[in-house]
Amino acid sequence: MVRKILVSCSTLFLLIACSSAEEQTMHSLSNEPSSQAGNGEQAEASSANILDVDTSLSDAVAIFREVHPTAKVQSIDLNTSYENYVYEVTGLDANTEYRVFIDATSKEVLKEKKESQDNDDTIDFAAIIQPEKAMEVASKVEETRGLMPESWTLEAEDGIHSYTLTYENGNSEIEVKVDAVKAKPLN
């Protein structure tokens, strides 16, 4: 189990590292001209409270399903990598993986991607806890006390539904995995 978590974390870090070019594309797709997006706006977004996001998990799933009605959701990520909070919803339909990026304020679909995929782990929304409950569970872990999560990811992998909550403490990053069905820490 520990090995799977380590492999999952390694994969996540690789995906984050590989997404920097994608972040540049997302920035250029925003409605604001890049000349007006100054350092003050970026600092404001990174200090935003994750609990103040206007678009709920259910709203993000509903938007994804409008765009890809036959796809089943595999993972959802809420983060500020693109200056604002953005949901990245990944889903599967037959052998195709769809990724939809949704502005968490305006509910606008910013970007879509699709590629071939053969993974069939999808999220059972009837069985999972809400992100707020996952944050509550993660806040009881000693390393996160007094911190607010910067982002979270919900995914189904090898039949296990989990949230990964990311906290920043100075220059270090803390990740806590929470079982999204049993509401208990996994690491």
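Let's start with asparagine 79, which counts as buried at 8% relative accessibility. Asparagine 79 is found in strand 1, part of a predicted model. The protein chain around it has 5 helices and 7 strands, and 42% of its 187 residues count as buried.

**Around asparagine 79**
- The side chain of asparagine 79 makes a polar contact, at 2.5 Å, with the side chain of aspartate 77.
- If you skip residues up to four places away in sequence, asparagine 79 touches Asn84, Tyr85, Val86 and Ser151.
- Asparagine 79 and isoleucine 50 are 29 residues apart along the chain, and 8.5 Å separates their C-alpha atoms.

**The chain as a whole**
- Take the contacts with a separation of 6 or more: 53% of them come from residues 24 or more positions apart.

**Around histidine 68**
- You'll find histidine 68 in the loop between helix 4 (57-67) and strand 1 (72-82).
- Histidine 68 has a relative accessible area of 13%, so it is buried, as that is under the 20% cut-off.
- Its side chain makes a polar contact with the side chain of glutamate 112, at 3.1 Å.
- Setting aside neighbours within four places in sequence, histidine 68 is in contact with Tyr98, Val100 and Glu112.

**Aromatic rings**
- Searching the whole structure turns up 2 aromatic pairs.
- One of them joins tyrosine 87 and tryptophan 152: the ring centres are 6.1 Å apart and the planes sit at 70°, so this pair is edge-to-face.
- That pair links distant parts of the chain, with tyrosine 87 in strand 2 (residues 84-93) and tryptophan 152 in strand 5 (residues 151-157), 65 residues apart.
- Tryptophan 152 also forms an edge-to-face pair with tyrosine 163, with 5.6 Å from centre to centre and 75° between the planes.
- Tyrosine 163 lies in strand 6 (residues 160-169) and tryptophan 152 in strand 5, so their pair ties together parts 11 residues apart in sequence.
- Put together, Tyr87, Trp152 and Tyr163 form one aromatic cluster.
- As for burial, tyrosine 87 and tryptophan 152 are buried, and tyrosine 163 is buried too.

**A charge over a ring**
- The charged end of lysine 111 sits over the ring of phenylalanine 101, 5.9 Å from the centre of that ring.

Methods:
Residues are numbered from 1 along each chain as its sequence is written. This is a predicted model: local features need pLDDT of at least 70, side-chain atom pairs count only at pLDDT 80 or more; totals for chains, interfaces and linings use all residues. Side-chain values use heavy atoms; hydrogens and water are left out. Helices (H or I, at least four residues) and strands (E, at least two) are DSSP runs, numbered from the N terminus. Buried means under 20% relative accessible area, exposed over 50%, partly exposed in between (1.4 Å probe, protein chains only). Contact means heavy atoms within 4.5 Å. A polar contact is a pair of N or O atoms within 3.5 Å; within protein, one must be able to donate a hydrogen and the other to accept it, and residues adjacent in sequence count only if both atoms are side-chain atoms. Rings of Phe, Tyr and Trp (its six-membered ring) pair if their centres lie within 6.5 Å; planes under 30 degrees apart count as stacked, over 60 as edge-to-face and the rest as tilted. A charge sits over a ring if NZ of Lys or CZ of Arg is within 6 Å of the ring centre and within 35 degrees of the ring normal.
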